Amino acid sequence: MKIALTSLFVDDQRAALAFYTEVLGFQKRHDIPLGEDSWLTVVSPESPHGPELLLEPARHPAVKPYRDALAEDGIPLAQFAVDNIEAEHARLTGLGVVFTQPPTDIGTAFVAVFDDTCGNLIQLIEMKPDADNTP
Amino acid sequence: MVDVFRALDDETRRLVLDELSVRDGQTLFELCSVLAMRHGLSLTRQAISQHLGVLESAGLLTTERRGRSKFHYFNPEPLAQITGRWPTRKRTEP
């Protein structure tokens with residue numbers, strides 16, 4: 001068994017697609033119309049056949065209280081790995097992305113958290129070269 | 001002032017203030033991360049939240065909402081009252 005797809009709730013699928021592709025740099029993989037919404041997924045250009053991220057409409061009434069409570073405590077809903085967190089922080093800040101946590105040394109890695117403008121906090125992580133993260 | 005001494009009489013709460021004095025304005029999630037990763041504390045988020053509540057009641061910590069998130073700040077004012085009451089003086093030669 002392996003992870004092929006994971007999902008995030010987004011307020012507006014078209015705005016989310018723009019943010020995840022134009023700002024973060026992901027690529028659209030599937031965009032299949034389903035009534036008002038779409039089966040909308042993106043992938044990393046670094047692994048186009050790797051795990052897909054489903055941008056799921058946030059209309060269900062349980063979503064808002066769930067995400068608001070997590071945002072209040074600063075809890076990210078997804079983690080993306082980067083090679084150079086300082087460079088990504090500078091690049092994204094330049095594009096107007098708001099970070100709730102700047103790049104921070106947590107020992108085995110550097111992490112940072114930003115607001116994806118679609119209702120979620122997202123964590124970036126740069127593992128340190130000497131950190132053995134494999135079980 | 002009693003609240004301040006009680007709040008400081010706990011290593012986890014002292015570490016929280018240490019971390020905030022290094023970088024002020026952290027979320028609960030960030031404080032949980034640094035306590036676990038840098039200090040090896042295996043506390044639940046709920047427990048850390050309660051510690052933050054004790055620090056806040058003692059006036060050593062303030063919170064501010066910015067956007068949708070809540071940030072925690074170290075307030076040293078109660079400590080200034082302690083040094084104001086018992087000032088530290090340089091030892092002078094008789």
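## Strand β8 and Gln123(A)

Strands are DSSP runs of E of at least two residues, numbered from the N terminus, and in this predicted model Gln123(A) belongs to strand β8 of chain A. Because buried means under 20% relative accessible area, Gln123(A), with a relative accessible area of 8%, counts as buried.

Leaving aside its neighbours within four places in sequence, Gln123(A) is in contact with Pro76(A), Ala78(A), Gln79(A) and Phe80(A), with Val111(A), Ala112(A) and Val113(A), and, in chain B, with Phe29(B).

## Extent of the interface

The contact between the chains draws 20 residues from chain A and 13 residues from chain B. Between them, chain A and chain B bury about 1500 Å², of which 51% lies on carbon and sulfur atoms.

## Polar and charged pairs

Across the interface of chain A and chain B there are 3 salt bridges, and one of them joins Asp68(A) to Arg68(B), whose closest N and O atoms are 3.2 Å apart. Counting pairs in which both residues are at pLDDT 80 or more, 8 residue pairs are in polar contact between chain A and chain B.

## The side supplied by chain A

On the side of chain A that touches chain B, at least two residues each come from α2 (63–72), β6 (99–105) and β8 (121–127) of chain A. It is β6(A) that gives the most to this side, with 5 residues. In composition, the residues on the side of chain A that touches chain B divide into 7 nonpolar, 8 polar and 5 charged.

Conventions
Residues are numbered from 1 along each chain as its sequence is written. Chains are lettered from A and ligands numbered from 1 in the order in which they are written. This is a predicted model: local features need pLDDT of at least 70, side-chain atom pairs count only at pLDDT 80 or more; totals for chains, interfaces and linings use all residues. Side-chain values use heavy atoms; hydrogens and water are left out. Contact means heavy atoms within 4.5 Å. Buried area is the accessible area (1.4 Å probe) that two parts lose on being put together, summed over both. A salt bridge is a side-chain nitrogen of Lys or Arg within 4 Å of a carboxyl oxygen of Asp or Glu. A polar contact is a pair of N or O atoms within 3.5 Å; within protein, one must be able to donate a hydrogen and the other to accept it, and residues adjacent in sequence count only if both atoms are side-chain atoms. Helices (H or I, at least four residues) and strands (E, at least two) are DSSP runs, numbered from the N terminus. Ala, Val, Leu, Ile, Met, Phe, Trp, Tyr, Cys and Pro count as nonpolar, Asp, Glu, Lys and Arg as charged, and the others, Gly among them, as polar. Buried means under 20% relative accessible area, exposed over 50%, partly exposed in between (1.4 Å probe, protein chains only).
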